[in-house]
Every structure is written in C-alpha cells, then in structure tokens.
Amino acid sequence: MSMINYASREINCKIVYYGPGLGGKTTNLEYIFEKVNPETRGKMISLATETERTLFFDFLPVDLGSIRGFKTRFHLYTVPGQVYYNASRKLILKGVDGVVFVSDSQMERMDANIDSMHNLYENLAEYGYDLREMPFVIQYNKRDLPSIVGLDELRAQLNPDSVPDFEAVAVKGIGVFDTLKAVSKLVLKSLS
Amino acid sequence: MTLETHGSWSFSEADVAEIEKRLGSLIAESKGRSAFLVDRTGQLITTVGDTNGLDGMALASLASANFSANDQLAGLVGERDFSSLVHQGERVSLYMADVARRVILGVLFDQQTTLGLVRLKAGLAVAALTELFRELFARFEAGARPLSMEAGWVNEAEDEVERLFRES
C-alpha cells in the first residue's frame with residue numbers, strides 16, 4: 001500500500017502490470033522508459049532470463065514531481081507471466097496500489113488471459129485484497145495482429161465489472177500512456 | 001508479535017528522526033559505510049551515512065525482492081524465515097536483516113570493519129527498531145486511516161499525470 005513519509009515529504013505508490021506470458025507487460029514499461037522525460041524516471045531494472053523472459057520482475061520508478069510540497073512517485077512493476085512463476089508473481093503484488101491487466105488479444109491466447117485473470121484474483125485474495133475495490137484497468141494488447149478476438153468478446157470474458165479498458169499495440173506505443181494515465185489517476189483518487 | 005499484517009502507513013518527522021538516530025548509532029558502532037531501511041513492498045524509508053552515488057529506489061526494490069525470495073527459500077527447507085542475508089563483495093559488502101517481517105535493515109560496509117561486528121551491532125539495532133515499529137503500528141491501529149490527501153492535491157496530481165505521461 002502507499003507510503004507517505006512526512007519527514008522527506010514523499011508519497012510512493014506501487015502499480016503492477018499483470019497478465020499472461022508474452023502479453024506485452026515488459027513492452028509497456030520499456031515504452032514508458034523510452035518516452036517519458038528522462039529527468040522524471042529512474043533506472044529500469046529487469047530481472048530476466050537469458051532469453052529476455054521476465055524471471056522475477058521489471059521495475060521502473062517515475063517521478064511525478066512535487067505536488068503541494070509532496071514529492072510523488074509511481075513505482076511500476078511487471079510480474080513474470082509464465083504459469084510456473086506464481087511464487088514470484090505473488091511476491092510482487094505485496095503492497096500493490098493499482099493493477100493493470102495486460103491481455104493478449106490473439107484468439108489462441110484467450111484461455112491464457114482467463115487463467116491469468118483468475119490467478120490475479122486468487123493471489124490478491126491471499127493478501128486480503130479485493131480487485132473490485134482497487135484501482136484496476138485492463139489493456140487489450142496486440143490489436144494490430146491477425147486472428148484477434150473482438151472487443152465485445154474480450155470485454156465479456158475479461159471485464160464483467162466494466163473497469164476502464166484500452167485497446168493497445170504496446171510495441172508501437174499505442175494505448176500505453178492512456179492505460180498508465182488511467183490507473184495512475186485511480187490510484188491518486190484512492191489516496192483522498 | 002509480527003507486524004506483517006498492517007496495510008498503508010505513514011511516518012511523521014519524529015518517527016523518521018528516531019529511526020535515523022538509531023541508524024546513525026549503528027553506523028558509528030559497526031564502522032559501516034551506510035545503513036538503510038526499506039519496507040517489504042520495495043519502498044525506501046530512509047538511508048543514513050555515505051550514500052553517495054547510491055540509487056536508493058533501485059536498492060529498495062531489489063532488497064525487498066531479495067528478501068522475499070529468501071523467505072520462499074526458507075519455506076522450502078522447512079524454516080519460517082532466514083532472518084538475515086549477507087552479500088560479500090571484494091570491496092563492499094551488504095548485510096541485511098529482517099525487522100518484524102515488515103521492514104528490512106541493510107548495512108553497507110567495507111574493509112574498515114568485519115562481518116562479525118556488523119552482525120552484532122545490527123542485531124541490537126533490529127531489537128530497538130522492532131520496538132519502534134511496534135509503537136508506530138500500534139498508533140495506526142488505534143488511530144484513523146493513515147493516508148488521506150486533500151481533494152486539491154489529487155486534482156493537481158492528476159494534472160501532472162496528464163502532463164508527464166505523454167511522449168516527450
């Protein structure tokens with residue numbers, strides 16, 4: 001959960017990008033890293049395998065600057081999407097303030113999307129969090145590929161509660177900042 | 001008593017002053033270079049001592065991940081936790097210890113001291129910090145919700161989000 005340090009006048013919020021393997025979570029962070037003003041972001045840390053699959057997490061701190069005297073910062077994390085890395089995924093969710101679910105729009109990845117969404121609910125429940133009461137947005141990634149599921153079907157399967165959702169092509173940056181802005185604002189609102 | 005179940009939290013200036021005083025004593029007594037405190041979710045609470053060139057945010061993120069992985073390893077061999085971790089370097093080493101399963105104390109040290117002395121003094125600091133955090137969390141339990149920013153702050157922050165999160 002968020003931490004306010006009144007001595008250093010800092011507020012830190014943790015946002016986690018979740019979703020099935022190879023869905024584009026790391027790509028979202030890489031795009032943000034490349035495109036935000038370099039003075040506002042820290043070093044991006046990737047704990048990945050030799051084949052660049054996320055092993056533990058990616059981490060990118062982004063500084064919102066000083067708001068009414070409080071230095072405000074978002075800590076962006078990804079989790080490893082592959083099914084067998086659940087222990088790592090659960091650890092990264094500890095203390096989360098907001099979640100982005102990055103789904104893969106391709107038809108053959110629909111089962112993986114649904115499994116990952118169930119896994120997200122389960123892992124959050126183990127910490128006593130209820131996703132329906134948290135800042136949460138969904139991104140439908142890879143909208144430029146052939147054989148994709150229609151938006152209505154994706155929404156029906158993955159977004160029954162109608163949380164804010166966005167179509168994206170993360171490798172081209174499409175939808176990346178819209179997604180980040182939406183979850184960031186929900187997190188900020190949750191602080192009031 | 002463990003403190004691991006607590007959610008959001010905030011520190012007053014007095015809290016941080018007390019923590020930094022304790023860390024300052026630890027550095028002086030152990031002859032370490034610097035000491036830091038990070039929360040288990042990866043947030044830096046404070047650093048004291050020679051922190052020149054140290055990326056505190058990266059340090060906090062990796063230290064908490066390191067400790068979380070450590071907990072899982074402990075579980076695999078039938079232990080509840082491993083209470084400390086040592087990373088031995090050629091010039092600089094890092095000693096980390098758990099504080100009440102909610103916070104991690106780290107000490108960076110070089111050849112001016114020994115692991116034994118650092119471990120001894122850190123153990124005393126952990127005991128003192130555990131007591132300090134116990135009081136801090138007891139205040140949260142008794143009091144109101146620790147985090148609450150005024151509406152004006154949220155509006156300004158949202159404007160800043162719009163300005164920052166775009167292609168530069």
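Buried means under 20% relative accessible area, exposed over 50%, and partly exposed in between, with a 1.4 Å probe and protein chains only. By that rule, Lys181(A) counts as buried because its relative accessibility is 16%.

This is a predicted model, in which local features need pLDDT of at least 70 and side-chain atom pairs count only at pLDDT 80 or more, while totals for chains, interfaces and linings use all residues. Residues are numbered from 1 along each chain as its sequence is written, chains are lettered from A and ligands numbered from 1 in the order written, and side-chain values use heavy atoms, leaving out hydrogens and water.

**Lys181(A) and chain B**

Lys181(A) sits in helix α5 of chain A, residues 176-190. Helices (H or I, at least four residues) and strands (E, at least two) are DSSP runs, numbered from the N terminus. Lys181(A) touches Val161(B), Glu162(B) and Phe165(B), not counting residues up to four places away in sequence. Contact here means heavy atoms within 4.5 Å. The side chains of Lys181(A) and Glu162(B) are joined by a polar contact of 3.4 Å. A polar contact is a pair of N or O atoms within 3.5 Å; within protein, one must be able to donate a hydrogen and the other to accept it, and residues adjacent in sequence count only if both atoms are side-chain atoms.

**Nonpolar cores**

A nonpolar core is a set of buried Ala, Val, Leu, Ile, Met, Phe, Trp, Tyr and Cys residues joined through side-chain atoms within 4.5 Å. The largest has 36 residues; Ile32(A), Phe74(A), Leu76(A), Trp153(B) and Phe165(B) touch the most other members. Elements giving two or more residues to this core include β2, β4 and α5 of chain A and α4 (151-164) of chain B. The largest share comes from α5(A), with seven residues. Leaving aside neighbours within four places in sequence, Trp153(B) contacts residues including Ile11(A), Phe70(A) and Leu188(A). A second, separate core of 30 residues includes Ile45(A), Val79(A), Leu154(A) and Ala65(B).

Helix α2 of chain A (residues 86-93) has buried residues, among them Leu91(A), Ile92(A) and Leu93(A). The buried residues of α2(A) pack against several elements, including α3 (110-126) of chain A and α2 of chain B.

**Salt bridges**

A salt bridge is a side-chain nitrogen of Lys or Arg within 4 Å of a carboxyl oxygen of Asp or Glu. Three are listed here.

| Pair | N to O distance |
|---|---|
| Asp63(A) and Arg73(A) | 3.9 Å |
| Arg68(A) and Glu150(B) | 2.6 Å |
| Arg101(B) and Asp81(B) | 2.9 Å |

Asp63(A) lies in strand β4 and Arg73(A) in strand β5 of chain A, so the pair ties together parts ten residues apart in sequence. Asp63(A) is partly exposed at 22%, whereas Arg73(A) is buried at 8%.

Arg68(A) lies in the loop between β4 and β5 of chain A and Glu150(B) in the loop between α3 (115-142) and α4 of chain B, so this pair joins two chains. Arg68(A) is partly exposed, at 42% relative accessibility.

Arg101(B) is buried, at 15% relative accessibility. Arg101(B) also belongs to a network of salt bridges with Arg40(B), Asp71(B), Arg80(B), Asp81(B) and Asp98(B).
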